[in-house]
Amino acid sequence: MSTTEAPAINDGDRIDPADIAAALTRAPFTYADGATQVFTPDGRTVYTENGTQSSGEWKVDDDGRFQSFWPPSEYTTYDVSWIASPDGGALGIRFADPNRGTKFDGRYTPGLS
């Protein structure tokens with residue numbers, strides 16, 4: 001059963017590689033610093049911080065991990081896991097960079113464009 005379709009998920013559950021695209025494109029994200037990000041099904045993303053937009057690309061790599069590319073040369077691979085409510089609803093995605101040891105949470109923000 002697809003994790004994105006399951007009635008309940010657990011906070012911190014790794015997102016199955018087959019479900020990453022649906023999890024990313026479900027709704028725009030808002031981060032703790034107020035920045036926002038939209039992922040589209042065609043592999044594009046727009047990150048907006050303080051009114052300034054930057055465009056990049058994303059994909060699921062051959063190892064089943066989320067990867068982003070920001071021109072001209074920044075490639076980053078993240079482990080992605082669910083942020084879930086106590087009742088098992090998906091609230092967003094936790095992105096963890098295993099190389100840098102950084103983590104950040106993107107919360108779903110329906111209606112944000």
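Student: Which residues are linked in a network of salt bridges?
Tutor: Asp11, Arg94 and Asp105 are linked that way. A salt bridge here is a side-chain nitrogen of Lys or Arg within 4 Å of a carboxyl oxygen of Asp or Glu. Keep in mind that this is a predicted model, where local features need pLDDT of at least 70 and side-chain atom pairs count only at pLDDT 80 or more, while totals for chains, interfaces and linings use all residues. Residues are numbered from 1 along each chain as its sequence is written, and side-chain values use heavy atoms, with hydrogens and water left out.

Student: How far apart are the closest N and O atoms of Asp105 and Arg94?
Tutor: They are 2.8 Å apart. That pair links distant parts of the chain, with Asp105 in strand 8 (residues 102–108) and Arg94 in strand 7, 11 residues apart. Strands (E, at least two residues) and helices (H or I, at least four) are DSSP runs, numbered from the N terminus.

Student: And where does Asp11 sit?
Tutor: Asp11 is in the segment before helix 1 (20–25).

Student: How many salt bridges does the whole structure have?
Tutor: Six. One of them joins Asp42 to Arg44, with the closest N and O atoms 3.8 Å apart. Asp42 has a relative accessible area of 56%, so that residue counts as exposed.

Student: OK, new topic. How do the strands run in the barrel?
Tutor: The order is 1-2-3-4-5-6-7-8, in a closed barrel of eight strands with antiparallel pairing. Two strands pair if DSSP finds at least two bridges between them.

Student: How many bridges are there between strand 2 and strand 3?
Tutor: Four, with strand 3 covering residues 44–49. Thr36 has Thr48 as its bridge partner there. Going on to strand 4 (residues 52–60), strand 3 pairs with it over six bridges, and Val46 is partnered by Ser55.

Student: What's in the turn between strand 3 and strand 4?
Tutor: That hairpin has two residues between the strands, and Asn50 in the turn has a positive phi of about 55 degrees. The hairpin of strand 4 and strand 5 has five residues between them, with Gly64 at a positive phi of about 80 degrees. Four bridges join those two antiparallel strands, and Glu57 is bridged to Phe69 in strand 5.

Student: Now the rings. How many aromatic pairs are there?
Tutor: The count comes to 17 aromatic pairs. Rings of Phe, Tyr and Trp (its six-membered ring) pair if their centres lie within 6.5 Å; planes under 30 degrees apart are stacked, over 60 edge-to-face, and the rest tilted. Take Phe29 and Phe95: the centres are 6.1 Å apart and the planes at 75 degrees, so that pair is edge-to-face. Phe29 lies in strand 1 (residues 29–30) and Phe95 in strand 7 (residues 90–97), so the pair ties together parts 66 residues apart in sequence. Both Phe29 and Phe95 are buried.

Student: Why is the Phe66 and Tyr78 pair called tilted?
Tutor: Because the planes are at 35 degrees, with the ring centres 5.8 Å apart. Phe66 is in strand 5 and Tyr78 in strand 6, 12 residues apart. Phe66 is buried at 2% relative accessibility, and Tyr78 is buried at 10%.

Student: Which residues form the aromatic cluster?
Tutor: Phe29, Tyr31, Phe39, Tyr47, Trp58, Phe66, Tyr78, Phe95, Phe104 and Tyr108 form one cluster.

Student: Last one: what's the volume of the largest pocket?
Tutor: About 170 Å³. Residues lining the largest pocket include Tyr31, Phe66, Trp70, Glu74 and Tyr78. Strand 2 (36–39), strand 5 (66–70) and strand 6 (74–84) are the elements that give two or more residues to that lining. On a 1 Å grid over the protein atoms alone, a pocket is an open set of points where a 1.4 Å probe fits, with protein on both sides within 12 Å along at least five of seven lines, and lining residues have an atom within 4 Å of a point. Grid points are joined across faces, edges and corners, and the volume is the space filled by probe spheres set on the points.

Note on methods:
Buried means under 20% relative accessible area, exposed over 50%, partly exposed in between (1.4 Å probe, protein chains only).
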